[in-house]
Amino acid sequence: KSGLVARTDVSQYRLAVHLGLAFAILGYLLWLALNLVAPGRAAPGHPRGLALATLAIIFVTALAGGLVAGLNAGLDYNTWPSMDGGWLPDGVLALSPWWLNAFENAATVQFDHRMLAYATTICIAGLWWRCRDASPPTAMAATALAAMAVAQLGLGVATLLLVVPLPLAALHQAGAAMLFGLAIWVAQSLCGSK
């Protein structure tokens, strides 16, 4: 009943689930393809746990982006780094029960997506730092992941400041898929072909 014809709005829940399934399928297929092309070797002493945690936080951040898109939350609080002059937006816990704010309150959803983006960037920076002395393919994958994280953060800020122009928003979503794919590459190269 919704789509790109007459009604373009989609439930934030449906959008996040659809996006999450798409990312899960992408990740599974990419992991399988990488196992065929370049079987990873379990690398003792390298940050396999951090790689998997980074992959998970990228996934959760993308899901939060789906909630932002579904609620049109990017149309509000179009300042950065603050949210209209404050670090915590007004009305962040306005809904009752409190837990609904994380899914249905545009201020909270955008705040959560921002904080997850910062945490994701920090995890990726730590992973890149820990992979500097890994095998050349793993180090290259980690460097590509770090570079994409900087680009994705820039795309997100630009999308917000320009009040979500559709081409930039689509590029930001594509950047999330690229970031997720690069994180799969790093994780697969560190974990082996499990």
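Where does V163 lie? In this predicted model, V163 is found in the loop that runs between helix 5 and helix 6. With a relative accessibility of 40%, V163 counts as partly exposed, because the partly exposed class covers values between the buried limit of under 20% and the exposed limit of over 50%. Although L75 is 88 residues away from V163 along the chain, the C-alpha atoms of the two residues are separated by 5.6 Å. When neighbours within four places in sequence are left aside, V163 is in contact with L75 and also with N78.

Two packed helices are described by the angle between their axes and the distance between the axes. For helix 5 and helix 6, the axes are 9 Å apart and the packing angle is about 160 degrees; the two helices are therefore roughly antiparallel to each other, since angles over 145 degrees are placed in that class. The crossing of helix 5 and helix 6 is left-handed. Within helix 5 lies T138, which is buried, with a relative accessible area of 3%. Not counting residues up to four places away in sequence, T138 touches C131, S189 and L190.

Helix 6 also packs against helix 2. The axes of helix 2 and helix 6 come within 9 Å and cross at roughly 160 degrees, so that this pair, too, is roughly antiparallel, and the crossing is left-handed. On the side of helix 2, the residues that meet helix 6 are R48, A51, L52, L55, I58 and F59, while helix 6 contributes L179, F180, A183, I184, V186, A187, L190 and C191. Helix 6 itself comprises 26 residues, and the distance from its first C-alpha to its last is 37 Å, close to the 38 Å expected at 1.5 Å a residue. Just after helix 6, G192 adopts a positive phi of about 85 degrees.

Helix 4, which spans residues 106–130, has 25 residues and reaches 36 Å between its first and last C-alpha atoms, close to the 36 Å expected at 1.5 Å a residue. At the start of helix 4, a side-chain oxygen of N105 comes to within 3.0 Å of the backbone nitrogen of A107. The buried residues in helix 4 include A106, A107, T108, V109, Q110 and F111, and among the others are H113, R114, A117, T120, I124 and L127. The elements that cover the buried residues of helix 4 include helix 2 (48–71), helix 3 (101–104), helix 5 (136–161) and helix 6 (166–191). T108, whose place is in helix 4, is buried with a relative accessible area of 6%; apart from residues up to four places away in sequence, T108 touches G91, V92, L93, N101 and A102.

Helix 1, formed by residues 12–37, has 26 residues and extends 37 Å from its first C-alpha to its last, close to the 38 Å expected at 1.5 Å a residue. Its buried residues are Q12, A16, L19, G20, F23, G27, W31, L34 and N35, and these buried residues of helix 1 pack against helix 2, helix 3 and helix 6.

Key. Residues numbered from 1 in each chain as written. Predicted model: local features only at pLDDT ≥ 70, side-chain atom pairs only at ≥ 80, totals over all residues. Heavy atoms only, no water. Helix = DSSP H or I, 4+ residues; strand = E, 2+ residues; numbered from the N terminus. Expected span 1.5 Å × (residues − 1). Buried < 20%, exposed > 50% of the residue type's maximum accessible area, 1.4 Å probe, protein only. Contact = heavy atoms within 4.5 Å. Polar contact = N/O pair within 3.5 Å; in protein donor to acceptor, adjacent residues only side chain to side chain. Axes fitted to C-alpha atoms, helices over the stretch in contact; angles between N-to-C directions. Parallel < 35°, antiparallel > 145°, perpendicular 65-115°, else oblique. Left-handed = near helix turned anticlockwise from the far one by under 90°.
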